[in-house]
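Me: I have a structure open and need a quick tour. Can you help me read it?

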Amino acid sequence: MASTTNGNTGATEGGRQGGGATRCAAILGPYQSGKTSLLEALLHATGTVERKGAVKDGNTVGDTTPEARERGASTELSIGHGNFLGDRWTFIDTPGGIEFTLDSRHACMIADVVIVCVEPEAAKAAAAGPILRFLDDHDIPHVVLINKMDQAGETVREILGALQGFSTRPLALRQVPIRDGETVTGYVDLVSERAYSYREGEPSALIELPGSVADREAEARNELLETLADFDDSLFEQLLEDIDPDKKEVYGHLAETLRSDLLVPVLLGAGEHDHGIQRLLKLLRHETPDHTATVARRGLSDGEEPMAQVFKTIHAAHMGKLSHVRVWRGTVKDGEMLNGAKVSGIYATTGGKLDKHPSAAPGDVVALGRMDPIQTGDVLTPTGGMPDKGLGWPEVPQPVFARALRVAERNDEVKLSGALAKLAEEDPSLLIRQDSELGELTIWGQGDTHLRVMAERLRSRFKLDVTLSEPAVAYRETIRNRIEEHARHKKQSGGHGQFADIRIAVEPTGRGAGFEFAEKVVGGSVPKNYIPAVEEGCREGCRRGPLGFPVVDVKVTLTDGQHHSVDSSDMAFKIAARSGLHDALAKAEPVLLEPIHQVAIAVPSESTSKVHGILSSRRGQILGFDAKDGWPGWDEVTAYLPEAEMHNLILELRAQSQGMATYTWTFDHLQELTGRLADRVVEHHETAAG
Ligand SMILES: Nc1nc2c(ncn2[C@@H]2O[C@H](COP(=O)(O)OP(=O)(O)OP(=O)(O)O)[C@@H](O)[C@H]2O)c(=O)[nH]1
Ligand SMILES: [Mg+2]
């Protein structure tokens, strides 16, 4: 384990507030771009971690759960606190995996600034596109860190070029790299015009500006000033007159443009080697707004009473429910009531470690204990009068991947449903469904890894032995022909006999019509009081048709029949109807129906043709494709797709689009399925049913 010191937790001792309020930076970025390593470097540089851990050694402050450690990839938020030059900071490392996006987005909503960490390779950096778009849409100030510069093969220009297309704000390069052959050895700061040489595990050393970068430095500095001048007339005039602006003034403009989210500063670094960390921290110190600006941006400024907002809910193994909050206003005290729930413990969390505090001050990020009725997103106040989540709270993405979930021990079923409810409360992008028709429990989420991680949590945290498998498809069947059927139920066994006789016509109806029943009985051959029993018998007969599936879109008309004054009964008519319908359906050319969904796939244009290929190989029918509204460079492809072909769709789409494609879906209609595919479904169903 990395050794940690206790001093730098975010909560204030005894509720006393130090110099400024704690500010909060969330770290986002594509999968494996180095965020957890960056958190470690930031905590090292801010005095929280004495000895730095490494992701490969499994001893970082972030990624403490078995699910994350085993993967060497984050599967949940990791929080750490630090002190930099007297300022208190909370850093939140987020998982890069696209399947855990909702957690990352929630962290953005309570952060004062977001550090977008990208790889030094244009194609990989472009995977940050959706993140930049989200931050732009929500007006969240952000900084881009081109990370892993120790491995940079491509030029910073190429990487920036790839990113700029996704950002509506100009990306403003703040440093240029100093290279020695293939290796990046340091950087020049474009405002101070000072050159630094990177040092492993230490702040960079000031050096003479090497002649080799002088031209590039001058050019990049000019670009930076020109970009800034777009937001300030006096700077614009100075540049026109060839006056070199005062550095202090430039820093002032930079702080202003970041605070107002007009511009995105771009820094260089290598978190794992501590390169560029001091520069990043200094930028954060001088240019990041505090929580009051964030509260205003979120539209939560009204009112005076203490206020906090939940951005993550966890059911910890020994601690019970923990609601991670950012305190927006006032002091939150242990034991007080917020939104009708009693705060039972206030903790500053660093990775998996908790430090108890009596209170938390504005700006602090802490966990509140045992706030049972409280949900992620809730805005907490003593009066509970703020039901709103504030501007822009992220929508829960529609689940795109499902698995049937089984628990090995039947006795564990109650425990399982309790555990699943907790997991779904922690992660609103997870859905649990109990399908009574298919007799199957399914979990729905954002992809394979997402659901596997959930299964691992069930095993590690709740000690439940569960397995995942492909879920069943809700097939139906109908008929193609009209059939008239005569059915008689007659039993003579001592005393009372049983007698019912009916004639029915069974015919297909329009798709989506469901089941219809009519009667045209004349002369009371089937007395009125038995007709509901006939209808009920027919409905029961539709539960499982000759192919083994529920029958839909048929109309049954009772045309005639006979009864017996003593031996007829509701039961006799029901039995006759059920068997009559059963025989009729089998003769009426039964046919399988499969559910078809309408899908709308959003994909970067360069991958659109691949999406067409994927859809046609999955029996999809393309309905159209067009440029996606408000998403430059993206297309939206709409298609009908059979549910049976959708199980792994998201995985293939992501594989063919560098993880970027997403889709939404709605059930559209049932469609006949014939031939070999249908035979296989029926056979498989018969085998499964034993
Ligand atoms: N060369 C180099 N490799 C790095 C650097 N930072 C991280 N890595 C490596 O990149 C891989 C991913 O690092 P993480 O810090 O786990 O990345 P992450 O962004 O947290 O990954 P996810 O949580 O899965 O999205 C590991 O193998 C690290 O050793 C860096 O500055 N330079
Ligand atoms: Mg990580």
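Below is a short chat about the strands, helices and ligand shell of this predicted model.

Me: Let's start with the ligand. How many residues surround ligand 1, and which are the closest?

Reply: There are 23 residues around ligand 1. The closest are Gly-34, Thr-36, Ala-73, Ser-74 and Gly-96.

Me: How does that shell divide into nonpolar, polar and charged?

Reply: The shell around ligand 1 has 13 polar residues, five nonpolar and five charged.

Me: New topic. Is S1 mostly covered or mostly exposed?

Reply: Mostly covered. Six of the six residues of S1 are buried. Arg-23, Ala-25 and Ile-27 lie on one side, and Cys-24, Ala-26 and Leu-28 on the other. Both faces of S1 are covered.

Me: And its pairing with S3, parallel or antiparallel?

Reply: S1 and S3 run parallel, joined by five bridges. Arg-23 stands opposite Trp-89 in S3. S1 also pairs with S4, in the parallel sense, over four bridges. There, Ile-27 has Ile-115 of S4 as its bridge partner.

Me: What do strands of a sheet pair through, anyway?

Reply: Strands of a sheet pair through backbone hydrogen bonds, and they do so either parallel or antiparallel.

Me: Okay, helix H3. How many of its residues are buried?

Reply: Nine of the 10 residues in H3, which spans residues 101-110, are buried. Among them are Asp-103, Arg-105, His-106 and Met-109.

Me: What do the buried residues of H3 pack against?

Reply: They pack against strands S1, S3, S4, S12 and S13, and against helix H5.

Me: You mentioned S12. How many of its residues are buried?

Reply: Eight of the 10 residues of S12 are buried. S12 and S13 form a hairpin, with three residues between them. The two strands run antiparallel and are joined by nine bridges. Lys-312 stands opposite His-324 in S13.

Me: What about S12 and S21, how many bridges there?

Reply: Two bridges, in the antiparallel sense. S21 covers residues 379-380. Ala-308 stands opposite Leu-380 in S21.

Me: Switching to helices. At what angle do H1 and H10 cross?

Reply: Roughly 75°, and their axes come within 10 Å. H1 and H10 are therefore roughly perpendicular to each other.

Me: Which residues make that contact?

Reply: From H1, they are Ala-41, Leu-42 and Ala-45. From H10, they are Ile-277, Gln-278 and Leu-281. By class, the contact of H1 with H10 has five nonpolar residues, one polar and no charged ones.

Me: Last stop, the sheet with S27. What is the order of its strands?

Reply: The order is S27-S28-S30-S29, in an open sheet of four strands with mixed pairing. S27 and S29 are the edge strands, each pairing on one side only. The twist averages 25° from one strand to the next.

Me: How many bridges pair S27 with S28?

Reply: Nine, in the antiparallel sense. For instance, Lys-490 has Phe-499 of S28 as its bridge partner.

Me: Which strands does H14 lie across?

Reply: H14, residues 531-541, lies across S28, S29 and S30. H14 runs at about 150° to S29. Helix H15, residues 570-587, also packs on the sheet, where it touches S27, S28 and S30. The direction of H15 makes about 35° with that of S28.

Me: Great, thanks.

Key. Residues numbered from 1 in each chain as written. Chains lettered and ligands numbered in written order. Predicted model: local features only at pLDDT ≥ 70, side-chain atom pairs only at ≥ 80, totals over all residues. Near = placed C-beta within 6 Å. Nonpolar A, V, L, I, M, F, W, Y, C, P; charged D, E, K, R; others polar. Buried ≥ 20, exposed ≤ 12 C-beta atoms within 10 Å, placed from the backbone. Contact = placed C-beta atoms within 7 Å. Axes fitted to C-alpha atoms, helices over the stretch in contact; angles between N-to-C directions. Parallel < 35°, antiparallel > 145°, perpendicular 65-115°, else oblique. Pairing = 2+ DSSP bridges.
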